[in-house]
Structure formats: C-alpha cells, structure tokens
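Biologist: Could we go through this model together? I would like to begin with the ligand.

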Amino acid sequence: MARAKIALIGAGQIGGTLALLAGLKELGDVVLFDVAEGIPQGKSLDIAEASPVLGFDAKLAGTNSYEAIEGADVVIVTAGVPRKPGMSRSDLLGINLKVMEQVGAGIAKYAPDAFVICITNPLDAMVWALQKASGLPTHKVVGMAGVLDSARFRYFLADEFDVSVEDVTAFVLGGHGDDMVPLVRYSGVAGIPLPDLVSMGWTTQERVDAIVDRTRKGGGEIVNLLKTGSAFYAPAASAIEMATSYLRDKKRLLPAAAFLTGEYGVKDLYLGVPVIIGAKGMERVVEISLDKGERAMLDKSIASVQELVSECQKIAPDL
Ligand code: TXD
C-alpha cells in the first residue's frame, strides 16, 4: 500500500520537528511548505540525509508551492507570525487570520480530504478561522493544545511522584491559555485519582495546586527561558500523536480543540474537550461530568475563546 502523505504548512521550529518525528515514526512521506524560500527545502533535505542513519524510509520534500501538498492525508498547520514587541494582540490576530485564509484556500484546493490539525496561536481562534477558510467539514479540522497541556501536567506529576510518565494520566479542558482547566479529579497514577494520592500522603494539596498553576503557565515558562521563540519539541510530539491516531485509526481519546454543536453547552465554537480521533477524523466529543468549580473555570475559559473569535469576526467579517 502506498505511504500516507503528510503536509506540514510552516517549516519553522515546530514544522521542522514535525518532519523529523513523522520520519522517525514512519508515518508516511512528508511535504514541508513555507513562504520562506530555501527553509523547507533545506530542512527536508537535512532530515532526508539523516534517514539512512536513523533507519527510516520516507520521501521528504520542501516547497514554496501549494501544488506540492496535493492529495495529502494529513495537514498540520504551524504557519504564522509570532507576537513581537510593540505588536498588540489584535495586530497578531489580524496577521495570522490572513495566514489562515491563505492556508485554508491551499488546503481546500489541493487537500480537501485531509485531516487537518492546526497549531498556530491563538489556537482556539485560528482553528476556527482555518475551518471557515478551508470549508472542510468541522470533524476534519481540529486544534492541538490539550495533548501538550496535559503532557506538561503529566510530566510535572510524574516528577513529583517519581513514577514513570507512562503511568500518569492527566486531563485538561478549555481554551489554550492561562485559563485552561486542568482537571485534578480526572488525573492520577495508574487509575488512582489525584485526590486519593493526596489522602495517601504522596503529595499535598498545596503542591498539586502549584503543579496546576505551572501547567497553566507552561507555555510562558518555556518562552521566558528560550527568549527568542516558544516551545517546539513537545508541541510537535503532541500533534504527531493526534496524526497517528487518525492515520492508524487508533481511536485514541485525546483532548483537542473541536467544533462544538451544543456539547458542554457550547455552540459554533472550537474548544478544548476530550475527543475520539480515528479514521473518520474527530469521531466523537466525550462529555464528562463537571462539578461546580470545574464548570465555573470552564465557563471562564469559554468566555475568553468567545471574545477572541468575536475579535476575528470583526477583523474578517467574510469568514
Ligand atoms: O499548543 C499550541 N497550539 C502551541 C502553539 C504551542 C507552541 C507554539 N504554538 C504556536 O505554533 C506558535 O505561537 C506559532 O503560532 C506556531 C508555530 O510555532 P513555531 O515555533 O514553529 O514558529 P516559527 O518557527 O516562527 O514558524 C512559523 C513559520 C515560519 O517558518 C514562517 O516563515 C511561516 O510559519 N509562515 C508561513 N508559512 C506559510 N504560509 C504563510 N502565509 C506563512 N507565514 C509565515
């Protein structure tokens, strides 16, 4: 059977890492697209030259033309501009909205059957714009943030308990921002919920609160350290996990920004919720029960996402 084709729109820090991981995991052939000339070509050649050493077979191509993504099975979008000093949030929104319009048009023309994963920030608004601009069905366009946010939560918990990251599960709901909702009740070690681990004396409520806070600010922590960019290894790994679930029909239950049609009381908005990802795309939204406190946190997160999308609608009323 022919290899799957994976198109990566944006060949920056995350795009390059995605190409390497897709190769290492032999997910398929990779096309790296960017408006910058030479970068996608250079990165794809560099990774192709690593393939004999690393022992994977994949065709890697770099391009500045959308034609090259024709027939892609998966498209992962990281294209965009980071926020620079002096740039307001609206300035950034305006620029990245234009980028989503271009990328959406390219996908609509050359890869209308693809499963699309958006990573560009501000995530919950950009995935909304990308779906509108591409016109692809909503269950084929999702946003990546929750896998990353819960991976951070899992890592911090594994470190706290000195146990394998493999045995730690963690749940994060809501938008990708400081008001995301890490769900303590649904997180734990090998089926033991976090509140029980507190009762068992493995940790204290204060330390759990501090971990929740660190998870919320996880993106900023990396930006403060790197200074010239944001996280890219963990974001790329997270998107690859989502792409793998689609390509291999694994039906993983993963948190993702999904288009809601009434679930969690939300309509016509992308929001981070647990979903099943399989061969049909985003196959199911999983509605878990929330207590009062969790619901209040989610409502706050929904309001921030709604505000961002309303701002987008003002800037681009045609979308
Ligand atoms: O959890 C999450 N969703 C995120 C999101 C976690 C970390 C970072 N997140 C966001 O991903 C970040 O705020 C950015 O919006 C994206 C991509 O991050 P990356 O670190 O890869 O950014 P780069 O290195 O600046 O790469 C962006 C590339 C760069 O090579 C540009 O030339 C290209 O995008 N670019 C374009 N490509 C195609 N088409 C257009 N129009 C375009 N404009 C810029």
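Biologist: By class, what residues make up the shell around the ligand?
Modeller: The shell around the ligand has 13 nonpolar, nine polar and one charged residues. Here Ala, Val, Leu, Ile, Met, Phe, Trp, Tyr, Cys and Pro count as nonpolar, Asp, Glu, Lys and Arg as charged, and the others, Gly among them, as polar. This is a predicted model, in which local features need pLDDT of at least 70 and side-chain atom pairs count only at pLDDT 80 or more, while totals for chains, interfaces and linings use all residues. Residues are numbered from 1 along each chain as its sequence is written, and side-chain values use heavy atoms, with hydrogens and water left out.

Biologist: Which residues come nearest to the ligand?
Modeller: Q13, I14, D34, Q102 and M144 come nearest, out of 23 residues around the ligand. A residue is near a molecule if one of its heavy atoms lies within 4 Å of it.

Biologist: And which polar backbone atom is 2.9 Å from an oxygen atom of the ligand?
Modeller: That atom belongs to Q13. A polar backbone atom of G12 is 3.5 Å from an oxygen atom of the ligand. For M144, a backbone N or O atom lies 2.8 Å from a nitrogen atom of the ligand.

Biologist: How much of the ligand's accessible area does the protein cover?
Modeller: On its own the ligand has 870 Å² of accessible area, and the protein covers 85% of that. Such areas come from the Shrake-Rupley method with a 1.4 Å probe.

Biologist: Which elements give two or more residues to that shell?
Modeller: They are α1 (13-24) and α3 (89-110). Helices (H or I, at least four residues) and strands (E, at least two) are DSSP runs, numbered from the N terminus.

Biologist: Changing topic: in what sense do β7 and β8 pair?
Modeller: Strand β7 (residues 168-173) and strand β8 (residues 181-189) pair in the antiparallel sense over five bridges. Two strands pair if DSSP finds at least two bridges between them. T169 has G188 in β8 as its bridge partner.

Biologist: What about β8 and β9?
Modeller: β8 also pairs in the antiparallel sense with strand β9 (residues 192-193), over two bridges. Their hairpin has two residues between the strands, and A190 there takes a positive phi near 45°.

Biologist: Where is K251, and what is its phi?
Modeller: K251 sits in the loop between α9 (233-247) and β10 (252-261). Its phi is positive, about 55°, although K251 is not a glycine. Most residues other than glycine have a negative phi.

Key: A polar contact is a pair of N or O atoms within 3.5 Å; within protein, one must be able to donate a hydrogen and the other to accept it, and residues adjacent in sequence count only if both atoms are side-chain atoms.
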